[in-house]
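Here are my notes on the pockets and the helix packing beside them. Have the model open while you read.

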Amino acid sequence: MTVRRGLYTLAGTLLLIGFVTLGSYVDQRPPPVDVALADAFRGQHTQAAGQVAGLVTNVLGPVLPFALGAVLAVLAWRRRDLTVLCVKLAVVLLLCRMTSLIAKPLFYRERPREFPDLSYPSGHVVAVACTGFVAVLLCAWTRPHLARLAVTIAAAATVLGALCRIVLGVHWLTDTAGSVLAVGGVGLISAAALGLLPLPEDPA
């Protein structure tokens with residue numbers, strides 16, 4: 001058990017190193033893939049595709065962690081046997097969500113078009129990714145048979161959220177990739193530290 005927990009912590013550390021390395025690399029100048037995608041979707045934020053993307057990101061965005069937090073609070077109140085689990089999950093959710101708030105001032109990166117706030121990492125994608133990460137943990141500990149479905153939904157929602165931010169021209173591709181690295185890193189480290197990893201069905 002301790003060995004597997006250490007492996008999760010190591011994996012999380014490597015993801016955080018990847019996050020910092022990527023942020024440092026793209027901080028001054030966007031790589032060609034960022035420029036190509038930004039050019040491909042330039043001006044779409046005023047078109048039909050941008051309007052749809054805006055509606056999607058109203059849902060797949062900062063509101064999600066609050067919604068999941070409310071679910072955890074209700075679950076902890078109604079199921080006292082799950083109170084400790086829900087508190088731990090709430091801590092992981094909070095730590096993962098804070099990654100964009102803490103990291104953005106460290107990487108003074110401008111957006112693809114004029115837009116308030118800094119660019120790296122994407123706060124919207126962080127919100128979706130951290131909600132998905134904690135939702136998967138919740139399912140794994142309470143409804144293991146739904147864990148695989150939760151992983152699929154979380155991954156799809158994160159990709160869709162990232163695509164919408166790119167279509168809107170408010171984030172580069174690497175902003176969204178960095179968001180996933182940050183959430184994955186903080187999520188694995190904090191979940192392992194709180195005893196949420198390895199999962200109950202993981203081999204010793």
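1. Starting with the largest pocket: its lining divides into 14 nonpolar, three polar and no charged residues. (Nonpolar is Ala, Val, Leu, Ile, Met, Phe, Trp, Tyr, Cys and Pro; charged is Asp, Glu, Lys and Arg; the others, Gly among them, are polar.) Keep in mind that this is a predicted model, where local features need pLDDT of at least 70, side-chain atom pairs count only at pLDDT 80 or more, and totals for chains, interfaces and linings use all residues. Residues are numbered from 1 along each chain as its sequence is written, and side-chain values use heavy atoms, leaving out hydrogens and water.

2. A pocket here is an open set of points on a 1 Å grid over the protein atoms alone, where a 1.4 Å probe fits, with protein on both sides within 12 Å along at least five of seven lines; lining residues have an atom within 4 Å of a point. Ala129, Gly132, Phe133, Val136 and Ala154 lie nearest its centre.

3. Which element gives the largest share of that lining? H6 does, with six residues; helices are DSSP runs (H or I, at least four residues), numbered from the N terminus.

4. The second largest pocket holds about 210 Å³, and Gly132, Ala135, Ala150, Ile153 and Ala154 lie nearest its centre. H6 and H7 are the elements giving two or more residues to its lining.

5. Now the packing: the axes of H6 (residues 123-142) and H7 (residues 147-167) come within 9 Å and cross at roughly 180 degrees. Axes are lines fitted to C-alpha atoms over the stretch in contact (heavy atoms within 4.5 Å), with angles from 0 to 180 degrees between N-to-C directions. The two helices are therefore roughly antiparallel (over 145 degrees).

How values were computed: Angles under 35 degrees count as roughly parallel, over 145 as roughly antiparallel, 65 to 115 as roughly perpendicular and the rest as oblique. Grid points are joined across faces, edges and corners, and a volume is the space filled by probe spheres set on the points.
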